[in-house]
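Visitor: I am new to reading protein structures, and I would like to learn what the words mean. Could you show me one and let me ask about it?

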Amino acid sequence: MALVTAGLAVQAYAGRSTPAPSLAVLLGWLLTATGLVLASPGLTHLCGRLLQCSRPGALRLLAGRVLMAEAARIGRPLGVLCAVASAGYAMTALYDGAGPAPAFGPLSALGAFVVAGSTLATLLTAAVEARQCRADTIAALLRLGAPTAMLRGAAALRAAALLALFGPLTLGIAALSALPLI
């Protein structure tokens, strides 16, 4: 989180001069993205802890334990996704700003598509890998008589918890990252 804060501070100081120095803004984005990637496994683990606190039922306990166990595997791709989404928002602010906007041509669109597609593919690959690692546990739960609706509910609860934490975090960092460009 210190790297995220340092990156946002560098971007804020870079935004004081007009126009904002490109190298300082780029350094701020790099520090922020690195901080997000490094902090995301801990935030994912925190989501699991929060799901389990305050007298959890079987569904919340299962969802929380899985999030805690898979925090290292799915946390970093989530951090990369947050960083890419924040940078994408900042770039749209740059192109929608009042000043002269740089040309957004087909190669820029292709580059944005490749970066966003690669990020989503990495996240989906990590999710599938995590599911395959849990296959024995899922099979054991099904043999013990756990309803498949509960397993699906636990997966939906995990996704909702991650979205509830990482959604506002991404929007907040994106808004703060876009300030020097507006």
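Guide: Gladly! Let us start with a definition: buried means under 20% relative accessible area, exposed means over 50%, and partly exposed is in between, with a 1.4 Å probe and protein chains only. This is a predicted model, in which local features need pLDDT of at least 70 and side-chain atom pairs count only at pLDDT 80 or more, while totals for chains, interfaces and linings use all residues. Residues are numbered from 1 along each chain as its sequence is written, and side-chain values use heavy atoms, with hydrogens and water left out.

Visitor: Why is Arg55 called exposed?

Guide: Arg55 has a relative accessible area of 80%. Exposed means over 50%, so Arg55 is called exposed. Ser54 is exposed too, because its relative accessibility is 59%.

Visitor: Where is Arg55 found, and what is its phi?

Guide: Arg55 sits in the loop between helix 2 and helix 3, and Ser54 is found in the loop between helix 2 and helix 3 as well. Phi of Arg55 is near 55°, a positive value in a residue other than glycine. Ser54 is not a glycine either, and its phi is positive at about 65°. Most residues other than glycine have a negative phi.

Visitor: What makes a stretch a helix, and how many helices does the chain have?

Guide: Helices (H or I, at least four residues) and strands (E, at least two) are DSSP runs, numbered from the N terminus. The protein chain has seven helices and zero strands. Its pattern along the sequence is α-α-α-α-α-α-α.

Visitor: How do you know how confident the predictor is?

Guide: From pLDDT, the predictor's confidence in each residue, from 0 to 100. The average for the protein chain is 86, and 89% of the residues score at least 70.

Visitor: Why is Ser40 called buried?

Guide: Ser40 has a relative accessible area of 0%, so it counts as buried, given that buried means under 20%. Ser40 lies in helix 2 (residues 22-52). A contact means heavy atoms within 4.5 Å. Not counting residues up to four places away in sequence, Ser40 touches Gly75, Leu78, Gly79 and Phe166.

Visitor: And what makes Pro41 buried?

Guide: Pro41 has 12% relative accessibility, so it counts as buried. Pro41 is also found in helix 2. With neighbours within four places in sequence left aside, its contacts are Ala71, Ala72, Gly75 and Arg76. Pro41 and Leu78 are 37 residues apart in sequence, and their C-alpha atoms are 8.3 Å apart in space.

Visitor: What makes a disulfide, and how many does the structure hold?

Guide: A disulfide is a pair of cysteine sulfur atoms within 2.5 Å. The structure holds zero disulfides. As for cysteines, Cys47 is buried at 5% relative accessibility, whereas Cys133 is partly exposed at 44%.

Visitor: Which share of the residues in the protein chain is buried?

Guide: Buried residues make up 31% of the 182 residues.
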